[in-house]
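Dear colleague,

I am passing on to you the structure shown below, together with an account of what was found in it. Please read the account with the structure open beside you.

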Amino acid sequence: LGMTVVPMSGGSTRRQVQLMRDFGATVLSCTPSYALHLYEEGLACGIDMKELPLRIGIFGGEPWTQAMCRDIEDKMGIKAYNIYGLSEVMGPGVAMECQAKHGMHIHEDHFIAEIIDPVTLEPKPLGEEGELVLTTITKQGSPLIRYRTHDLTELIPEPCPCGRTHLRIGRLKGRSDDMLIIRGVNFFPSQVESLLLEVEGVSPHYQIILTRTGNLDEVEVCVEVSEGVFSDAVKDLQRLERQLQKGIKEYLGVTTRVRLVSPHSISRSEGKMQRVIDKR
């Protein structure tokens, strides 16, 4: 297939980037947040991902926005593809994007996919957003019937430009059990991410910290900024914080406190990044 795969379990992140360079890796597969972490660590040790043979990134394991996809592609000089799976079913490979990148093709010879209303559990029509439910057709040992994934998406029935006719699922919006309800307003962390990535100098690394004062829930959004922005005058940082607070309020209807933090100050993980810290 013309692909070079390099096992990267264990060792430091910088060592993993060095292995990618030394072995001429052409494909990277991990969570999208960890891909950005590899990019940052590469720059820190003098390795620019754009100068590597790397051509394709296959990313999944956590919700990520189209804006983050573009950010990864621009920084690493690759084509980033979305893959979907869950350990209860088979891990990665339940569905994946093709080169057309108009949704992830479900392998319908192995899975039956449905969309239901996560509250009423009633089936929803094709094209409407809801919770993905899967039934395994060929799995032996531990088959699953109408398994609730809690992942929110929609089924795309139209044929893909690539010519395949299998149903596709859209980019995941989040999980039904990840929805945050703050003072009567419902929203998902991915909605905060999509807003942050529209602001120059702000990174996709962020955390939402929930606390409670008396009977009221409070929301703080910690956001990493670039080196150049963090070195700006205090008044400029305060202006950016106010801009982000205003943007979140207008977009989501939630009042938050935004705190800008230095680059690399939010902890990274090889697995799924912890976006929400609930201290209530």
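Lysine 173 is partly exposed, because its relative accessible area is 29%, and the limits for that class are 20% and 50%. Please keep in mind that this is a predicted model. Lysine 173 forms a salt bridge with glutamate 154, and their closest N and O atoms are 2.8 Å apart. Glutamate 154 sits in the loop between β8 and β9 (155–156), whereas lysine 173 sits in the loop between β10 (168–169) and β11, so the pair ties together parts that are 19 residues apart in sequence. Glutamate 154 has a relative accessibility of 16% and therefore counts as buried.

How accessible are the two partners? Arginine 175, at 25% relative accessibility, counts as partly exposed, while aspartate 151, with a relative accessible area of 9%, is buried.

Strand β8 also holds threonine 153. Its relative accessibility is 0%, so threonine 153 counts as buried. A polar atom of the side chain of threonine 153 lies 2.8 Å from the backbone oxygen of glycine 170.

Another salt bridge joins the side chains of glutamate 220 and arginine 259, at 3.2 Å from N to O. This pair links distant parts of the chain, since glutamate 220 is in strand β15 and arginine 259 is in strand β16 (residues 257–261), 39 residues apart. Glutamate 220 counts as buried because its relative accessibility is 14%, whereas arginine 259, with a relative accessible area of 32%, is partly exposed. Salt bridges that share partners also join Arg212, Asp217, Asp278 and Arg280 into one network. In the whole structure, the search finds 18 salt bridges.

How many disulfides does the structure hold? The number is 0. For cysteine 45, which is in no disulfide, the nearest cysteine sulfur is that of cysteine 30, 16 Å away. Cysteine 45 counts as partly exposed because its relative accessibility is 26%. Cysteine 222, at 5% relative accessibility, counts as buried.

Finally, I turn to the second largest pocket. About 400 Å³ of space lies in this pocket. Its lining consists of 21 residues, and those nearest its centre are Glu40, Lys75, Ser203, Pro204 and Ser226. Which elements each supply at least two residues of this lining? They are α2 (32–44), α3 (66–76), β14 (202–213) and β15 (216–225). The largest share, 4 residues, comes from α3. Sorted by class, the lining of the second largest pocket has 9 nonpolar, 8 charged and 4 polar residues.

With kind regards

Key. Residues are numbered from 1 along each chain as its sequence is written. This is a predicted model: local features need pLDDT of at least 70, side-chain atom pairs count only at pLDDT 80 or more; totals for chains, interfaces and linings use all residues. Side-chain values use heavy atoms; hydrogens and water are left out. On a 1 Å grid over the protein atoms alone, a cavity is a set of points where a 1.4 Å probe fits but cannot get out, and a pocket is an open set with protein on both sides within 12 Å along at least five of seven lines; lining residues have an atom within 4 Å of a point. Grid points are joined across faces, edges and corners, and a volume is the space filled by probe spheres set on the points. Ala, Val, Leu, Ile, Met, Phe, Trp, Tyr, Cys and Pro count as nonpolar, Asp, Glu, Lys and Arg as charged, and the others, Gly among them, as polar. A disulfide is a pair of cysteine sulfur atoms within 2.5 Å. Buried means under 20% relative accessible area, exposed over 50%, partly exposed in between (1.4 Å probe, protein chains only). A salt bridge is a side-chain nitrogen of Lys or Arg within 4 Å of a carboxyl oxygen of Asp or Glu. A polar contact is a pair of N or O atoms within 3.5 Å; within protein, one must be able to donate a hydrogen and the other to accept it, and residues adjacent in sequence count only if both atoms are side-chain atoms.
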